[in-house]
Amino acid sequence: MTTSTMDAPGIHSDASSPARGSFPGFGEDAPLDLSGLTYAGFQAVTARLIDKTFDAFAETAAAVKNCAHPVRLVGRSETYELDPATGEVGGLLSSFDSGDAPLGLLYRACGNRRADVCPSCSRTYARDTFAMINAGLVGGKTVPDTVVENPLLFATFTAPSFGYVHGFRGGKPCRPRARDKGERCPHGRPTACHQRHDEDDAMNGAPLCFECYDWQSAIIWQYCLPELWRYTTQALRRALARRLGVPDSRLGKTASLQFVKVAEYQVRGLVHFHALIRLDGPDGPGSAAPLDGLDLAQILQAAATEIFVDALPAYAGDPSRRLRWGKQLDIRVVREGDRLEDPDSDLTPGQVAGYLAKYATKDANSVRGDEPRPHLARMAAECRDLGESAAGHYGYGVDEKGKPINPYRYLGKWAHMLGFRGHFSTKSRRYSITLGRLRRARARYQALVAASHTDEEARTQLLDLGQLESLLLADEEETTLVIGEWAYQGSGWTNPGDEALALAAAARAREYDQWKAQTKNTNR
């Protein structure tokens, strides 16, 4: 958002605009869509125009990239010279006080990855995730370009069935067949459904019979999912070592297995894992792999089918459970191990990277929809109930503070995630660059842009595009020391008008990016 983007003549209360194309943000001069602006918000925007603080707000909003819930800080900081060799602190270089900021406070972006919480920060997270995933596919950002020669799999690990559920079947009946005509479950409900559910039907994912559905097993499977994934990667590495005829401890001398995965909620409330799995040689990304993609797919298929986790009972009288992946394990070879890809294939590395990055910003709210979904509410309630039952179960002893040692005692805290307690996107160490390093590179770039206005050397560094990436990603020694005292003042914008403008500007930027992408593809 720039000041001109939020100039008063560009604010419109309706979404109508001539020649918008497919997106409301069509064209470079399209106004913000403020059709949802409330009366209180309108008054707040008007007040900013009257007291001449609108430009200060626009500058602040631009600094936090139109974050929906920025963090407000008060305090000051000083920057000193630092000798990296001796650690000796030199003279004062600069100082900053929050009172000198445009709105009298330091605003920082919330950084939330969830699209339903902050559209702007989630887009930044998605872009970083795409860059991280794509670098492991095609190289760049410290990953050698020869990585495109390494075998690559795209695998989807699904959840097992815990009972029959309704679902969208592409216009076909939901579940038309039962073993016997008119068959009913022990609770008197039919085991068939002849409805043709729409894709957005709130019944999708709901059990045909709530009493027959194994809610507790579904919750415990979801809660233990990070452990099941860890066991799977360990089993895959052991199976790979056996295939190569080397001890497990010496696999790194022959091959290296790297992956990145993201979690996706299904309408029944359970999570699927989408993973990219790459096989490298002993020298890391880009070194020659000892097997091709087809061999690696066979090894993964066998390992994922055999792996299981034995889950402990949650409370006295609860049975133990053996947890596995669902039967629908989908493994596709993206690359067999050379640069020659099938020209007729509908799966490309770029498509896979975009697909995974999209799901990295989703959470359980992505399947809740506009209508209440009773089965998701039931799952959250089961999480709380199981957590309470586990908290009172001392079957595994107590710790030094007298609290029960039970792996499920914190399950209730994950009720909002329907029991899933893992990270939504994870990667192995040597798959590609880290998100933290990408964030540091972005901060360096912003500092270079700011310095380029007065510093000729900084301007030259920006213009030298060939060296810019290596400059931004370089491991540099710290030459400055920042000492600050900051206090948390609050989160979010201080009035409804500011929040509405930030959300509208973030939506406008997203729509404009979509329009540019569509225009670029059309002009090819």
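Let me begin with helix H7, residues 349-359, where the buried residues are Pro349, Val352, Ala353, Leu356, Ala357 and Tyr359. Looking down the axis of H7, these buried residues fall within an arc of 165°, so they line one face of the helix. As a reminder, an α-helix has 3.6 residues a turn, so residues three or four places apart point the same way. Bear in mind that this is a predicted model.

Tyr359 has a relative accessibility of 14%, and because buried means under 20%, Tyr359 counts as buried. Apart from neighbours within four places in sequence, Tyr359 touches Val262, Ala263, Glu264 and Phe424. Tyr359 and His274 are 85 residues apart in sequence, and their C-alpha atoms are 9.2 Å apart in space.

Next, the cavity. The structure holds one cavity of 30 Å³ or more, and the largest cavity has a volume of about 50 Å³. Which residues line the largest cavity? They are Phe157, Trp229, Thr232, Thr233, Leu236, Arg237, Leu257, Phe259, Ile277 and Leu300. Helix H5 (225-244) and strand E7 each supply at least two residues of this lining, and H5 gives the largest share, with five residues. By class, the lining has seven nonpolar residues, two polar and one charged.

That is the end of my part.

Note on methods. Residues are numbered from 1 along each chain as its sequence is written. This is a predicted model: local features need pLDDT of at least 70, side-chain atom pairs count only at pLDDT 80 or more; totals for chains, interfaces and linings use all residues. Side-chain values use heavy atoms; hydrogens and water are left out. Buried means under 20% relative accessible area, exposed over 50%, partly exposed in between (1.4 Å probe, protein chains only). Helices (H or I, at least four residues) and strands (E, at least two) are DSSP runs, numbered from the N terminus. The arc is that of the directions from the helix axis to the C-beta atoms. Contact means heavy atoms within 4.5 Å. On a 1 Å grid over the protein atoms alone, a cavity is a set of points where a 1.4 Å probe fits but cannot get out, and a pocket is an open set with protein on both sides within 12 Å along at least five of seven lines; lining residues have an atom within 4 Å of a point. Grid points are joined across faces, edges and corners, and a volume is the space filled by probe spheres set on the points. Ala, Val, Leu, Ile, Met, Phe, Trp, Tyr, Cys and Pro count as nonpolar, Asp, Glu, Lys and Arg as charged, and the others, Gly among them, as polar.
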